[in-house]
Structures are given as C-alpha cells and as structure tokens.
Amino acid sequence: MSDKADFASSTTVGRVTLVVSHANDETANRVSAYLANLAELGLTRVVYWLVVDSALTSITSDFSVNALSGDGTTRVQLFQVLSEVGGVKAVDVVGLNVDDLEDESLNALAVTIPAVRKVFEKWLRDARLSDIRLCARAFGESLPDKKYFSPMSTSRAILMPLDPSHDYTVFRPFGKTESESMVGHVAVELASLLGCWSIQQEVPSDSMRAMSRGSDGTGINLVLSSLRSLAVPAPPVSEALGNSTQLPVPNSFTAVPRPERLSASLAEKIYPKELIFVQRECPDGPSEFVKINSFAPKFLRQFVLAIGSLPRVIRQGIQREMDELAISAVQDSIGGAASSLGLVSPRFARKGADHVDFDALIEGMIEKSSADLAQNYRFGMPAAEWRQMSRSVLGLADGEGEPTSRLLTDDTVITAVDALVPPCESSIGAKEIVKNLLEITADAPDKSVVECISQRFLKEIKFATWAVTAALQKLRDLPSAIRARPEIKGDEIIRVAAIVGASLVVISLGAFSPLRPLFAFEWLPTTIRDVSWAIPAALGALLSIWVLIHIAVKTDRTRRVVDVVSSLVIPLTLLSLLVQFSDIRNWAIRNGGSSNYRYAIFLFLVCFVLALSAIRQALKSPVPKHKVFGRAAVLIGSIYIVVAAVIGLAQNEPPLVGGLPDLRSEIFIVLFPSALISFGISVSRIAIARVREIYRAQLVGRLIEWGIGEVKAGRDAEIRLEVLRVQWAALGAVLTRTIRFPLGRDLTSAIEHDEVATKGNDPLKLDFARIDLTNRGRGGLEARLRQSVIRQGWLNQQFAEVFRSFSKTAAFDRGLTEEENSQIDPLSCTSTPTAEEAGGGLAKGDRWSLVEELFAGSFEDVLRQPADQIRFDALYESVLVDPKSIHIVGAARESLGAASFLSQSVSRGRLTVPVGFLNLLVTGADPRVEMKRIVWWPSSLVELTNELRPEDSELRDSDLVKPWKEFGTRLAVSLQVSWSEPFAYEDFVAAQTARSVATPDSSDA
C-alpha cells in the first residue's frame, strides 16, 4: 500500500503528524517500533518519525523521515510524499522525550523542532501548524529541563506512566525495570493524544490547546488513556456454505471407492478430444516384392543393366559394386523427397552416380520441416474451448453436475473440491500454484481433476515426443542402413566366376564357334599377324619400364628428364622393331625352328612381369593420376589377354596346343553353356541385388515421407500442447483459486492474540482479545449466511465477474472505450511463455496478468460481493449480545461478553488526576484534578447500555476496523482519552528547576 493510499484511508483527512526524537533516546526509538507494529496491524494511521542526533538550526530542502504505515517502516522524502498526497490542512510537529537525556540532546530537540516548523510554514501557507511537546517518565523520574517545554509550543503534556485497573480505582505506577511496559504505555498515550488511532475522527490535543497556557505561558497537561481491541472473526462463510472451501451444501452423496479414479475419469471427459495425439503406423517392408508380375520386369531390366556394369564388378569386386549401386538406387528416392521440401531443385537432372551426403540431407530435411513448422505456428486454443473446460470444472464444483459437492467413500466423506482442484492455502502465491501444475509428477497420489488434466497434457506431449524420437531415429538410421549393405556371400567366387564366365563366353564364341574364321585373320600375312601381338608386348614392356622409373624417381627435375627421354626412346625403339621385324622374325625361325615359340613366350613373360610391377606400383602411388594409369593398364591388359587368347586359339594350328582343331565342336558344346551359366549366375546375382535396392529405395522413400510427416505432426503437437499446457496452468490456477476461495481468501480463523499484540508485553491500557464462536454462535451465523449466498451455478458467475472486472480495468488502462472492452479476454491471450517463465512468475500477457492479480487480491471486492452484501454488524448483532454464543480469548481479565470486555477501557465514574504526581496541596473539590475525556465506542456492533455508559464524557462512534483490507476480520475498538487542566512546570513532584531559564526567543532559536 502506498503512503498516499494509507493517508487517504486511515487518517483524519488532511492531517500530518511528524514526531521528532533524539537518537540517544533509546526508549523513544522503541516506541517508534511499537507504533510501527500497530500501524502494520491497521490500527493507526500513517505517522512520520524523524530521529536527530544533533541540532538542526535550519532546513533548506526536503528531508528523509521514517513512515510508519501498514506496509511497515519505510524511508521517504517527506515533502515529496506529502506533495503526492495533497490537501494537507494541519500539521502536528511533536517533540517526544522519554529517557533522561543530557542537556546537549535536549537542546538539539529544542532547536530542531522550531526549525522543522519553519520549513512547514514556508511550504504550507494555509495549513494549521501545531508545536506539541510531550514527555513521558517512569514514576519518580526527573522531567526534562524547563526549556524543553517552550512557551512558543501550542500544547505540552506529560504522558502518565500508569496502568489503571479496570474500574479505575487503582493506578499502578511504572518503574525503570519495566521498560517493555513503559514503551507500550508511551505508544498508546502518544497515538491517543495525537488522534493516530484509525477510529479517531478528531484529535484530543486540539481540545487541550485552549487551556494549555499556565500562569507563565507554559502550562502542562497530564494525559491518560485506555484502549480495548476485540478481534471479531470473519463470518464463517466456509462452514455456512457446506465445507471448508466455500462450496454449496450437498443435497446428495455419491459412493466412490477410489476418489483418484474419479478424478482421472472426470479429467478424461473434460480434456478436449482434438488434443489427443495419434501416431501413424510406420511403413514395414517392400510389399511389392512378393508380386511376381512386378518383380519379373524389374529383374529382366536390371539383368541387362548388370551386363553393362560387369567391367566394374570385375575391377572392384561385387560387394563394393553392389554397395555403390545400392546407394545410387536410393539417391533418387531421397532426392525426390528433398526436392519436395525444396532442398534441391526439382528441375535438377540427377544421375545415379552423383554423390549424396545422406546425413546432411536427412538433417536438412528435418531442419526444413522444423522451419516450416515455425512459420506455421499456431497459438493455443480458441477462448470458447477454454471457457467450456472451465465451465465443466466449475459446474462440478457448484452443484450443476455430478458428482455433487461431497463424495461418500468407504468410511469417510470427502469434498468434491479435493477431487477437482489441488490444495491451495490462502497465503500461497500464483507462482507456486502454476509451478506445481507445471511440474506435476506421474506418480503423485490423489491428483485432482485440474492436476489430471495437466498430467494429460504432459502425457500427450510425451506421446508426441516418443513419436518424434522414433521418427528421427528412423530417419537418422537411414544413411547407416543405406551404407551398411548386407554382405554378399562368396564375393570372390562370384567375381572369379564372372571373370571366367565372361572370358570363356568370348573365347568359346571366337575360337570354337562357327564364328572362328572371323577372328583367325587368316587373310592377313603371317608377318602382320605376328606384329599384332609382338609390337603391343614390346610397347607394354617399354611403358612398364617407363612407369617404374617415373614412380621410383623422387625429384621433379629427374622426372622431366625421364619424360623427355622416354618420349623419344619409346617411339624410336618401336619404329626400329617394326622396320626390322621381318629380319627379327626370320632370325627367330632360323635359330628356333618354325615350331619353337620360346622367344615369343619370353617376350610375353617379360612384358607380363614388367606390366604387373608397373600396375602394382601405380595403384599403390599416392598420386591420383598414377592410380588412373594403373586402372587403365588393368583394363587394357585384360582386354589384350582375352583378345590374344581368342586370336591365338582361332588359328588353324594354335601355338602350344596341338590337335585342337579336331575338338573345336565338342569343346564349344561343353564350354559355351558352362561359361554362359557361370556368367548368368553372376549377372543374376547382381540383378537381384539391383531389384532388392529398388524396393529398398521405395521403402526409404516411404520412410522419409512417413518420418518427415511424423516429425512435423509430432513437433507441431509438442509445441502446441506445450503452449496449451502452460496456458492451462494459468487457467488451472484461476480455477483453483476460484473454487477454493470463491469469496476471496479464506479467513475462517480469527486473529490470534500474539499476532495482534506486541510480544505479549502490552500494558493493561492496551488489551487485545479475540472472539471465539461457540457451536451455538457459529450455527446462528451459518443459518444467516446460507440464506444470503447459496445458489446453484454461482461459481461460474463469480468466474465471469472476475473476467469482466479484469477486462474493464485493462480497457480503462489502455484507453479503450466501453464498447471495446470485449477486445480484452484473458482466455484468448496469445502469449506463449515457456514453462520456466511461467513457473518463475515472468510470463507476460492478459492471461498471466489475471492470474497474478487474482492471487494478489485485486478482485477480492468482486469476489466478496455476495458476502459483502451482508451487513457485518447486523450479522453479529444477535450473537454478541448472547454470552453463550461467544467466548473472549486473550483478555487480561476474563469478561462475560463483548460489551463487558470493551467497557474495561471506560471509567464509569468521574476520573481524577492520580495522587502522587503533583507537589501541590489540592482538595477533593479542586477542579484542576478532574480530567476531561472523550470516549470512542463501537456502537454499531455492541450497544453501549446505560449501566456501562460513562458519566461526564463526550461519546463518539467507533467504526469497525479491518486490520488488513483483504481480511474479513474486524476489530471493535473502545478508547478513552483523559486530560487534566494545565499545571505549572514546578507543580510536578519530579520537576527540576532549569539550570538556565530559556526565554521564548532562545528556546525557539
């Protein structure tokens, strides 16, 4: 509560009280703390307190003081606060001295108070200023020096250190050892005299001003007061409405063996069906594989394609070839899915051999689908559906549906509230309820409907998360599944069979079939046919030598020399061999005979050995072009060997093979089918692997489509359900607060005595007590309350009133017209805070503002309207007059009833100055000892009977006090303030003659 609000609500309009004390006056400082405690209880209005440690001769600007208010003690700039309050009509500058201070400290007070008064005179031109000097002393203690009671002050008083008996026949004086009681005594007298009690509409010190002048202008009044405060509890609305949470009285009972099952079943009915996540079935295997009419065409086509890929199989092995073919087969499927997501251009002409980074592509698909989801974000749920959920819960609570407000279990009766909403104390904040609804565990026992709905959101989010996790796992496993090909058994055997089969097919067709003459080249001269195999062998040998030298050389300069020399030597050598080939051939025939082929065989072996060494070194070289040369040499050499074999065996008299021409037909009949079968089996194995990968690619395509769709659906559900879960926590908190406390915070328990009093050390003149209702009194109140509040469907009305009040206030703050109020609806608020923000109280938006304001008590007046329509005093009127309906607890003296307790603050006879304070000889008829008084009495709650009415007093009505604005408890306060005629300083027993008599000018300097 701000100072402005405190000032306006709890003080005499336009009155400011500033108390000035010295830092060395420890008792005065404790009086300030005691008075601050009373202000926090709502019993006193705002009092400003200035503590000085040295004299302030002048004040030129605003200064800091302590503000004792309902919000506790705060440090404020006095003029700044008063400027905000405005309308100040009167100011009391009060000097207070309790301890026996040194002259220097007293002089500091005597100088500072006029300085403060002059500041107010400059600042407030039309306000009335009062300079009040107060002194409080234990019995027998010395008074301050006379200069402290300046003649320029408007009022001077001594607060009598006495505790009167309840009938005022005996006064008990205080001593130094009773410091705690002394502090309370001074605080009560100070507040009473200055009109600080919230029930006082006039200030007794104003009545003393006219007679406060003594013979020397410094007349001092004796002041005595007494106060009783009776805490009347809030009406027992909860009991009157049927149970401890203010719900209607049940008209029937429902048997429920296990209440937790009831909560779960009710939550299932209330939870929207469209928010249930449904997982799609994952594709499982290539179903087309079993269809022969689909498999056969694919196999024949792949068989033909496999024949074209046979050279690669021969070169790198069937396992590696099948791996590459499998990856290439899947690329089209993944590429198509990627194109559909816009990751690659659909117009891009892809090839099967193009490299694809499957991991990056799959991650790209996932990221793209998540990005698309972020762009298509959906906010929460329509307000109408939120209202339907809230109506369902509230309808169960206020008796509109089943079960009714109480449920009959095995041996006990439980309230429907416990089955509907979680526990909620009156002091708990919105953050705690929201956090509990967000962090509810699956194994939490006895969950309410609201908690079960929160758990259902978590359950559906978990289902969606599981679905997303499974889909992501499937997608991210695809690259590994594509690469991890099943091992092809007999890879080397199939590879050899393919090589041998292909070679034998070619050899059988070229050397043993009727096509043989085409490959015999018999129409060519013998020399040319010899050149056709001799020159390539020589060239291979020379090239092999060049390769070996080139690879063995480590420096670039030497390589260049080798390249230049070889570019000249190799052509010249071949040209020389070609020119001299006839002579060389004739020499070989003459020396070896026409049937001796040892030179040719030697030349072939040299070429073969050199070629193998060169190819091996080239393939092992780290230089990429060397490997290319090596692979090319393997291909050329393989073709050369097969061609040489075909041509050699196709001759009429093949070299090294005698008698072969006579067996050509038989060999062909055996060799060709065998080779063809071997070749066909190898190619069929490749074709089957190709068909298998086609189906695998189709499955991969379906898995990608399913996985991306499942990721989108699951992510969408996760985000949306998480948003709704957090928003439901806000609505659930509102429902919890509304159902638990439909009339505001539950205040069925009265204020305890030790909560109101100050550590149990209050003087008798400040007595706190509370009323406890007996069964008879409670029954009477409940009967009246039931007639006023209970009606079916009222919780939904309370809910609607809170929303209407929020919208109206928010619209006013935003400058909207009344017609535009409908634009503000917390249930349609699109704010989407995270669970951490909501649980930490950091969420923004109308939805969260409503929750915070509801738990902060901003709608207490709205919620209390049904109960506030009942007059508090009329409700208790018949109860308080019946001693059997109430019991007074905490009073210093037992009483028969409320009136008896409150009357203990009022003297029934004429009150006189207690004996022993004056050194004057006075007679019983001396009018100076008769004290005037004002009495405040709570007549609206307790009638002041003639037997209790005091004589010769001015009577004032004492309004009922609500200690805290949000509480339903009232305090009935009775107060008596008495003061004497003025006496001279020297008339007091404890007075002492000032060492230096101050003049008016010097005292106010």
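Me: Which residues in α3 meet which residues in α4?

Reply: Leu 78, Phe 79, Leu 82 and Ser 83 of α3 meet Val 119, Phe 120 and Trp 123 of α4, where contact means heavy atoms within 4.5 Å.

Me: What should I know about the model itself?

Reply: This is a predicted model, in which local features need pLDDT of at least 70 and side-chain atom pairs count only at pLDDT 80 or more, while totals for chains, interfaces and linings use all residues. Residues are numbered from 1 along each chain as its sequence is written, and side-chain values use heavy atoms, with hydrogens and water left out.

Me: At what angle do α3 and α4 pack?

Reply: Helix α3 (residues 78-85) and helix α4 (residues 103-123) pack at about 35°, and their axes are 13 Å apart. Axes are lines fitted to C-alpha atoms, for helices over the stretch in contact, and angles run from 0 to 180 degrees between N-to-C directions. Helices (H or I, at least four residues) and strands (E, at least two) are DSSP runs, numbered from the N terminus.

Me: Changing topic, how many bridges join β14 to β15?

Reply: Strand β14 (residues 766-773) is joined to β15 by 4 bridges, and the two run antiparallel; pairing requires that DSSP finds at least two bridges between strands. Asp 772 stands opposite His 887 in β15.
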